[in-house]
Amino acid sequence: MAAPKKGRRAPAGQGHPGRTLILVLLAMAGLIGGMFYSGTLTPRLGIDLAGGTSFTLQAENMPGKPNAINETNMKTAADIMDRRVNGLGVSETEVQTQGTNHIIVNIPRGTNAKQARQQVGTTAQLGFRPVLTTTVGTKTPEPKPSPSQSGKNAKGKGGEQAGSQQHASSSATPGAKPTTQGRAVTDSLKKAPSAKPTPSGSAKPSTPPAPGGDQIPPALQKRLNALDCSTKQGRAAAGEQAAATKPSDPVVACNTEGTQKYVLGPVGVEGTDVKGAKAVFDSQQGQGWIVQMDFTSDGGKKFADITGKLATKAPPQNQFAIVLDGAVVSDPRVSERLNGGNATISGGFTQQSAQDLGNMLSYGALPLSFKIVDETTVTAALGGEQLHAGLIAGAIGLGLVVIYLVAYYRGLALVALASLCVSAILTYALMTLLGPAIQFALNLPAVCGAIVAIGITADSFIVYFERIRDEIREGRTLRPAVERGWPRARRTILVSDFVSFLAAAVLFIVTVGKVQGFAFTLGLTTLLDVVVVFCFTKPLMTLLARRKFFADGHSWSGLDPKRLGAKPPLRRRRTAPTQTKEA
Amino acid sequence: MSKLGSIGARLYRGEVGYDFIGKRKIWYGISILITITAIVGLAVRGLNMGIEFSGGAVFSTPKTSVSTAEAQAQAQSASGGHQAVVQKLGDGALRIQIGGLDTQQAVPVQEQLAKELKIPVKDVNTQLVGPSWGEEIANKAWLGLGIFMVLVVLYLAIAFEWRMALAALIALIHDLTITVGVYALVGFEVTPGTVIGLLTILGYSLYDTVVVFDSLKEASKDITKQTRFTYSEIANRSINGTLVRSINTTVVALLPVAGLLFVGGGLLGAGMLNDISLALFVGLAAGAYSSIFIATPLVTDLKNREPEMKALAKRVKAKRAAAAAKAASQEDAQEAPEGAADGEDGPAVVGPRHQPAARNRGRGRPSGKRR
């Protein structure tokens, strides 16, 4: 019936195919230009392709602090970890939160994964405890050192964290220091000499508290004696036990280097009372690297109380220990009551040790603990091999699809190939640009997603081509067929791409880890598929339909009416009653 | 192609076709059988969950001359008696899996193992997984699956109708069950890669189904206004009409996956590529099958329970009986007015061979409107 009329109408409705095509090409040029401009020509590769180590950490609420897992805390934790790990001197480390309670740490190859693991895996449970007594870290054969004598000889312990101590005398020099906030108050805490000759015992928390008391309860003393901080295992065990102790109980603990062991009183100020801490270089008073701490208002009061008490005592009981996860990271001496909500620790820090301590103090402000739930180390060799394999797989897949399309669609396959190329270029450019922009890294599942997407993208063309061929079978010439086939093909493509995108979006939002990388690529390529079909394939078809080669149905065009089974004078054919209508 | 092309044309015109709807009971039966096999396989053999889900460590070494048995003994002693599974990969590399190690314990094991195998620690690829992590991945995947199903059913119910949504859901579950069943029966290891593959099947399986439904919806738009075809016949035509597309889509989707499978299995031996593509391969095949043989026939069954469709079937039957009663010479006279009346034409596969394709009805529509 209206076929001829439609033929006439169609061109009017198709807009300006040339312009749309130019737009797409401009967009491509823009993206590629962006790549050159930003200097990133290849997508960032994930750990599994580039080699390196990846940790997944899972946050856990600390006992008694429910609901601490929230975006802010996770973000802060990630920032702190980032600083800590990057403090290792690794530049390209990246730390990201993922989902609600995971943090991913990716460390490129060539880094000391072991050191990073320790840094990352150190969970934060920070507290300030008064030192009741301290002694050298080895097992003490004879019980019985009395606390009072311990302040005496400092034996330098060379801990990196604790820094060295300068100054053996009991009086601390107050280094008043302006805090960052400009508070006037301050105080200085000197790092105390940490060593002490004496006995050791390992004390466990459950024992009687000896808060404030000068005398160490025998049970604690015994544990202190038994404690052996000189071996890794011993320290680990002690740390674990100490970390499990209630804040209100005294504990025995080692310092992180294992050179000293301590009996510590109940927690005076909790890590969560620390608002922030950082290492600064004090040029004004020449103290070198110091660590500044700010407390919350509540924490400031507690800190004032505890320092007030400690300042009056004799060494070593004028020290307090900063305990992180059951290990003493620093044991500064207090010389005076510190009011004002902030404090600085000074004394023999190196830049590194000051930063470490600063980070640990900030880390402790989070009521979260983390544990490593997944660790993957991929050597550069394997990473390269996997990348290689992924590329080969992609090439094989693409090659097979191309062969199939050419065999089946002949000339039309050119359209499909051009569209696939555009799609591939757009995908590549976007992935490359998204690297710096949103920390997107191409990993193996993402490569898989891209390969699988070849099928989805090619399918859109198949839907459209089949539609056009159906129109031709009905006896239309190419130009009206291209235009009439489009609205229905468009709807089918949109509906099916929507379902595909929905799957990708849900997966991306809900899942974690590798599944997410896959979902991201799948979603991205699905979106691009729509863009490409609408803005490239369709206009290109419209233009090509004007070419003689296609319009006349050359036998290699893939649109030969005879081959398609449409017999041109079809409308008149008696055998096809259908045509009554068409005619 | 010309051969395929002309088959496409004949399918399109309804000259040839397979009676998918009429024979649906057979396919239902086959599907039920496969599904039951899958479920029984799952129940009896269970899934072979990889280290990633059960927790443990996987070490892979570069090419080494150490034999599998030797490596296994060393791995077991290094890990303090944990069960170790050692595979030799194609290029002489070893893959050593040790179950039950937690992430803390695994580090010294790695060092010791490297020492015993005389490989620098930095050349050993490791993957340490805490048991909770695998659980987490699996749980999230289930959650994603659930949310996706709800959303997609809602979407299909809105875009199409609830019967199609229901049928698509059943087909989807069917595909997933079969894929999981294959894993259980063959004993492939289930890894996060498998889960990814499985989840992708979601999109793909529906993608295919949606295209058939789209054509069915189009074809059955004004079904009650005509009396030539029953819903079943129209549905059958829709399937046949999109058959070429379905086959092409499936082939084009399977080809890259086959590439992955070939490279993953052939070059890398084992790993993520292989896992994803294996699940995809099984799932895609099941998906193509179910959208043709299960989803659309199910819609037809559901649809045919509607009073309207029953009435239509009755009218069609009556009309055909009447037509049959008339002489053959009158046939033309009968058809012409009809075509004019509703602008429809498009016979069912089951109809006389010379009748036109059902797809025409859809195509005829817009022109009808324009008039």
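Which residues of chain A does the UniProt annotation "transmembrane region" cover? The unreviewed entry lists residues 21-39, 387-407, 414-438, 444-465, 493-512 and 518-537. UniProt positions are given in the numbering used here, feature names are shortened, and annotations may be inferred rather than shown by experiment.

This is a predicted model: local features need pLDDT of at least 70, side-chain atom pairs count only at pLDDT 80 or more, and totals for chains, interfaces and linings use all residues. Residues are numbered from 1 along each chain as its sequence is written, while chains are lettered from A and ligands numbered from 1 in the order in which they are written.

Start with chain A. It has 17 helices and 15 strands. These are DSSP runs, numbered from the N terminus: helices are H or I, at least four residues, and strands are E, at least two. Two of the annotated spans can be followed in the model. Residues 414-438 of chain A are 100% helix, with end C-alpha atoms 35 Å apart. Residues 444-465 of chain A are also 100% helix, and their ends lie 32 Å apart.

Now look inside. Of the 583 residues in chain A, 59% are buried. Buried means that 20 or more other C-beta atoms, placed from the backbone, lie within 10 Å of the residue's own. A nonpolar core joins buried Ala, Val, Leu, Ile, Met, Phe, Trp, Tyr and Cys residues through C-beta atoms within 7 Å. The largest has 180 residues, and Ile103(A) and Ala168(B) have the most contacts inside it. Helix 12 of chain A, residues 444-473, gives the most to this core: 18 residues. A second, separate core has 49 residues, including Val252(A) and Cys254(A).

How values were computed. A residue is buried if 20 or more other C-beta atoms lie within 10 Å of its own, exposed if 12 or fewer, and partly exposed in between; C-beta atoms are placed from the backbone.
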